[in-house]
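Subject: Structure handover, aromatic pairs

Hello,

Here is the structure for you to look at. Please open it first, then read the notes below.

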Amino acid sequence: LPARPKRAQRLPPLRVGFITSEDSPGTALPARRTIEELLCEKMPQTDPAERRRAAVTYLREAHFQMFHDNGTPWGGADEYLRQKLTIGQLSGGQKHLIYVLRELAARPQLIVCDEMLCGLDLERKAWLLRLLRKQQREDRAAVLYLTVDFSSAKLVGEEVAFMKEGAFVEGPGPGARILEYPKGKDLREYVEESLRQEGMARGMHLRAEFSRIEREEQ
């Protein structure tokens, strides 16, 4: 008798994280939930102590910070968890940051980022990109990063494609080559305008802030 064909092994489902700024998802987080509950609920760890330590690490690495009404900072990651800080106590930007960290804390194998930095201040944007790149290396995760922002694309884009009206205009190809040596008129104008705006910012732009942090952390 002919041998029965072996059943194909079923692959485990791919863990996918989707991070967006559309419709301000951070503002939809339940106001009464604590930031610890939200950060921990998607984590792969099962031990509560491990989850708490991971939550503290994410808050620290993203430089999550609370401020008094007069603008002075107060507390740190451990204190925020001890005091059971809730979503309702956060600003819009802080809510968005917790939303992003919650998705990253799930340790997805594929991370889809759709304008994930919107609503964050310059420093938080730089720290979050640094965290994204670190997690990509540690987990060997794939990152699909969608943005109109030249600076963040330049920082995270190993492979880059430029789109217009839903179609690829240039690329995909190595990020350094695509963004530094644009061939087509559309991409060339985009790069030139982006660099012009960076120059007008006089060092107060994302790539400069990211470089400053990298230097300080060495």
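Rings of Phe, Tyr and Trp (its six-membered ring) pair if their centres lie within 6.5 Å; planes under 30 degrees apart count as stacked, over 60 as edge-to-face and the rest as tilted. Phe64, Trp74 and Tyr80 form one aromatic cluster.

This is a predicted model, in which local features need pLDDT of at least 70, side-chain atom pairs count only at pLDDT 80 or more, and totals for chains, interfaces and linings use all residues. Residues are numbered from 1 along each chain as its sequence is written, and side-chain values use heavy atoms, with hydrogens and water left out.

Confidence comes next. The mean pLDDT (the predictor's confidence in each residue, from 0 to 100) is 93 for the protein. 95% of the residues reach 70 or more.

Now the pairs. By the ring rule there are four aromatic pairs. The ring centres of tryptophan 74 and tyrosine 80 are 5.2 Å apart and the planes are at 85 degrees, so this pair is edge-to-face. Both residues are buried (under 20% relative accessible area; exposed is over 50%, partly exposed in between, with a 1.4 Å probe and protein chains only).

Phenylalanine 162 and tyrosine 190 have ring centres 5.4 Å apart and planes at 40 degrees, so they make a tilted pair. Phenylalanine 162 is buried, at 16% relative accessible area. Tyrosine 190 is partly exposed, at 22%.

Best wishes
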